[in-house]
There are 2 protein chains.
Amino acid sequence: MKLSHSFIKTLRDAPKDESARSAQFLIRAGYVHKELAGVYDYLPLGLRTLNNIENIIREELNKIGCEEVRMSALQNPALWEKTGRWSDQEVDIWFKTELSAGGELGLAPTHEEPMTDMLKTYIKSYKDLPLYVYQFQTKFRNELRAKSGIMRTREFLMKDLYSFSADEESHNEFYHKVEDAYKRIYERVGLGDCTYQTFASGGIFSKFSHEFQTVIPVGEDTIYYNKDKSVVLNEEVKLPEVMEELGVKEGDLESARAAEVGNIFTLKYKYSDPLDLKFNDKEGKEQTVFMGCYGIGVSRVMGVIAEKYADDKGLVWPVEVAPYYMYVVPIGEEGTKVATELESKFPESILLDDRDARPGEKFGDAELMGIPFRVVISDKTLAEGKVEQLDRQTGEQKLLTLDDLTAILSGYEKDR
Amino acid sequence: MKLSHSFIKTLRDAPKDESARSAQFLIRAGYVHKELAGVYDYLPLGLRTLNNIENIIREELNKIGCEEVRMSALQNPALWEKTGRWSDQEVDIWFKTELSAGGELGLAPTHEEPMTDMLKTYIKSYKDLPLYVYQFQTKFRNELRAKSGIMRTREFLMKDLYSFSADEESHNEFYHKVEDAYKRIYERVGLGDCTYQTFASGGIFSKFSHEFQTVIPVGEDTIYYNKDKSVVLNEEVKLPEVMEELGVKEGDLESARAAEVGNIFTLKYKYSDPLDLKFNDKEGKEQTVFMGCYGIGVSRVMGVIAEKYADDKGLVWPVEVAPYYMYVVPIGEEGTKVATELESKFPESILLDDRDARPGEKFGDAELMGIPFRVVISDKTLAEGKVEQLDRQTGEQKLLTLDDLTAILSGYEKDR
């Protein structure tokens with residue numbers, strides 16, 4: 001991509017009401033644009049980053065046999081009344097609207113009800129189970145307060161997966177597969193070393209649910225963990241009886257601020273019972289489907305990655321989520337020629353700063369945008385057959401031959 | 001994809017209130033699920049089809065230098081009040097909702113206002129122009145009546161592109177590029193031979209806009225055309241003075257029912273003026289940005305393709321939009337082994353019907369789902385080193401060697 005062909009520019013200032021550092025950088029670097037408190041647009045660099053995270057999640061879920069769909073945002077109250085969740089007392093984040101033809105509609109904050117209802121058409125027998133269905137879909141939540149940039153918003157991209165099993169044993173088997181898939185996802189997006197699976201409050205049908213919490217200073221939650229971090233608890237379950245059950249003592253626990261980046265939940269019959277999702281077992285007896293649900297806020301994860309890696313100069317993206325792999329700055333006539341040829345060969349990997357601006361300005365923008373590698377292609381180093389590469393995260397500087405550079409870019413594109 | 005691993009099943013019946021034939025087939029074949037009148041979910045086959053159409057549009061727009069973003073559905077009334085379009089008298093299809101923190105919000109039926117406003121941050125000088133920005137985004141329209149299946153809905157996927165130019169000349173240049181890109185898009189999705197660029201009503205700033213209309217019997221519009229179809233008119237502009245201007249006579253015009261599948265519109269200063277989108281020209285003088293907008297309803301196009309190609313047995317998809325390329329039915333032990341190996345090699349191209357069902361039932365489902373080629377891999381033909389291929393559209397039957405089949409599948413995957 002040639003920067004001169006893009007509308008993206010870095011900005012000197014972020015909106016005054018934007019307190020989260022990640023959001024300030026995301027706005028200043030041209031990744032997102034704020035429409036309203038808690039409502040953001042994704043600009044070219046931001047959309048590419050979001051898509052990279054989405055694709056990592058998709059790959060890991062497809063590997064464990066999940067099927068992708070896309071359900072509607074508009075919701076029929078009749079369905080939600082069956083579970084009691086149309087009520088604003090029960091679910092206090094509904095956006096509701098009126099159909100001009102008459103009648104109320106809602107904007108889905110989550111999709112248990114329509115997903116369960118839709119599958120009544122497709123699940124009849126034990127032979128139809130298990131099923132794992134997910135979507136990437138825009139959720140709407142009427143939050144009273146929206147802060148923390150894209151980490152907590154009123155409209156956001158979520159991956160929600162629902163599992164439908166014949167019994168608890170089959171459910172548990174899949175639940176563990178999702179745990180593993182989630183670990184691979186956090187690993188790949190660069191949050192592996194600071195994300196923990198925590199015990200969280202369960203609800204009516206299960207003692208616990210699990211959350212995935214990433215330790216970052218601006219996290220909204222507090223988590224507690226023992227020395228080797230083999231047991232990690234959300235605050236709401238740090239109770240004497242729970243600690244006893246998990247074999248940890250109050251005094252041994254340390255705490256940290258963390259942001260939730262995913263949750264997995266054994267629903268059992270919570271939705272399948274009121275929505276009447278049944279199947280005939282091998283003996284022809286009618287049984288209720290055993291359900292689970294598994295969420296990841298995709299835009300939220302992007303915000304958490306931004307928070308975790310940003311330094312005082314700007315964003316820093318891990319390679320797998322970065323919108324581009326290299327930020328190429330040409331200097332001089334031959335440098336420009338070589339850089340332009342390289343970009344035309346690897347337009348999906350290279351952000352070429354071909355604007356009419358000083359190198360210093362370009363270097364600043366490269367830092368703010370957080371592209372993993374900055375490569376300067378100048379007449380000076382080309383004279384020795386070399387180009388200069390700077391690692392955004394470590395600051396490590398290297399001279400590479402053009403052949404090395406081409407090989408690195410080819411390898412990067414092949415892996416994607 | 002192995003059909004036994006999917007939740008998709010064909011259905012004997014469509015909902016009684018579903019009158020459009022395409023919608024009946026799309027539901028019965030497991031492509032979509034109806035939530036409400038005018039609100040549909042996309043199931044695995046439907047989502048793949050939708051994604052294929054989206055990707056064709058994306059490729060053609062990227063070729064002419066457009067940049068992709070994704071804007072929010074939630075809208076700030078303040079922005080729309082500036083153009084007068086917050087008023088329900090002016091725009092009668094708003095879904096409006098209340099923010100729990102106080103204040104009204106809308107769900108975007110289109111994005112001229114936020115797009116124009118967002119670009120105020122990025123357009124300062126003539127050097128920043130032209131810019132072409134598009135998105136694939138879910139639009140909400142509070143239609144009084146929703147019929148015609150996925151061709152006219154209350155929530156739908158739309159590609160909306162906006163152009164920002166320094167003057168009319170530069171605008172016109174791009175406008176023609178979009179015309180050409182649209183023609184390539186309709187060609188690729190299989191609507192090339194029955195889609196016409198029509199003169200449509202312009203609005204305040206332009207005499208005409210252009211629509212792209214596909215001739216199909218269930219179309220909601222009537223178009224008029226002269227003998228060689230060099231002039232095609234929407235009904236609303238079939239006026240004496242227009243016909244005279246375009247050099248056609250009432251008596252020479254024939255009519256046809258058609259469905260609108262795209263529109264392109266010279267906006268001039270309609271939005272940039274009230275929203276104050278200016279730039280400094282070469283002389284440092286402030287000028288207003290010259291705009292255009294260009295829409296394609298992606299889910300609508302999918303419905304129109306379904307309508308155009310369906311026959312009495314079910315859907316028929318053109319190769320480039322079909323969710324899978326081949327529907328493979330194995331018969332016998334060796335047939336199953338060969339088919340399974342082939343599917344594992346080409347899982348994105350083959351829908352393998354490995355269900356425990358009679359071949360006749362599988363053939364019926366293959367027809368209903370409209371996958372371009374049905375391939376029967378049976379012990380009988382394998383004994384002669386052959387497999388049997390049936391073209392869904394032409395009914396042409398062929399014997400292929402396994403090498404031919406592999407070469408065809410490799411070629412198909414390479415082209416995608």
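The model is predicted, with local features requiring pLDDT of at least 70 and side-chain atom pairs counted only at pLDDT 80 or more, while totals for chains, interfaces and linings use all residues. Residues are numbered from 1 along each chain as its sequence is written, and chains are lettered from A and ligands numbered from 1 in the order in which they are written.

Chain B is superposed on chain A by a rotation of 180° with 0.0 Å of shift along its axis, the RMSD being 0.0 Å (least squares on the C-alpha atoms of residues with pLDDT of at least 70 in both copies). The two copies are therefore related as by a two-fold rotation axis. The same surface serves both copies, since 100% of the contact residues of chain B recur in chain A.

In the interface, 44 residues of chain B are in contact with 44 residues of chain A, contact requiring C-beta atoms, placed from the backbone, within 7 Å. Elements that each supply at least two residues of the side of chain B touching chain A include strand 1 (32-36), helix 2 (44-63), helix 4 (112-119) and strand 7 (131-140) of chain B. Strand 2 of chain B gives the most to this side, with four residues. Helices (H or I, at least four residues) and strands (E, at least two) are DSSP runs, numbered from the N terminus. By residue class, the side of chain B that touches chain A comprises 23 nonpolar, 11 polar and 10 charged residues; Ala, Val, Leu, Ile, Met, Phe, Trp, Tyr, Cys and Pro count as nonpolar, Asp, Glu, Lys and Arg as charged, and the others, Gly among them, as polar.

Within chain A, three strands form an open antiparallel sheet in the order 4-6-5, where pairing requires at least two DSSP bridges between two strands. Strand 4 (74-75) and strand 5 (95-98) of chain A are the edge strands, each pairing on one side only. Strands 5 and 6 (residues 104-107) of chain A are antiparallel over four bridges. A:T97 stands opposite A:L105 in strand 6 of chain A, and A:F95 stands opposite A:L107 in strand 6 of chain A. The hairpin of strands 5 and 6 of chain A has five residues between the strands, and A:G102 there takes a positive phi near 110°. Strands 4 and 6 of chain A pair in the antiparallel sense over two bridges, and A:L107 of strand 6 is the bridge partner of A:L74.

How values were computed. Two residues are in contact if their C-beta atoms, placed from the backbone, lie within 7 Å.
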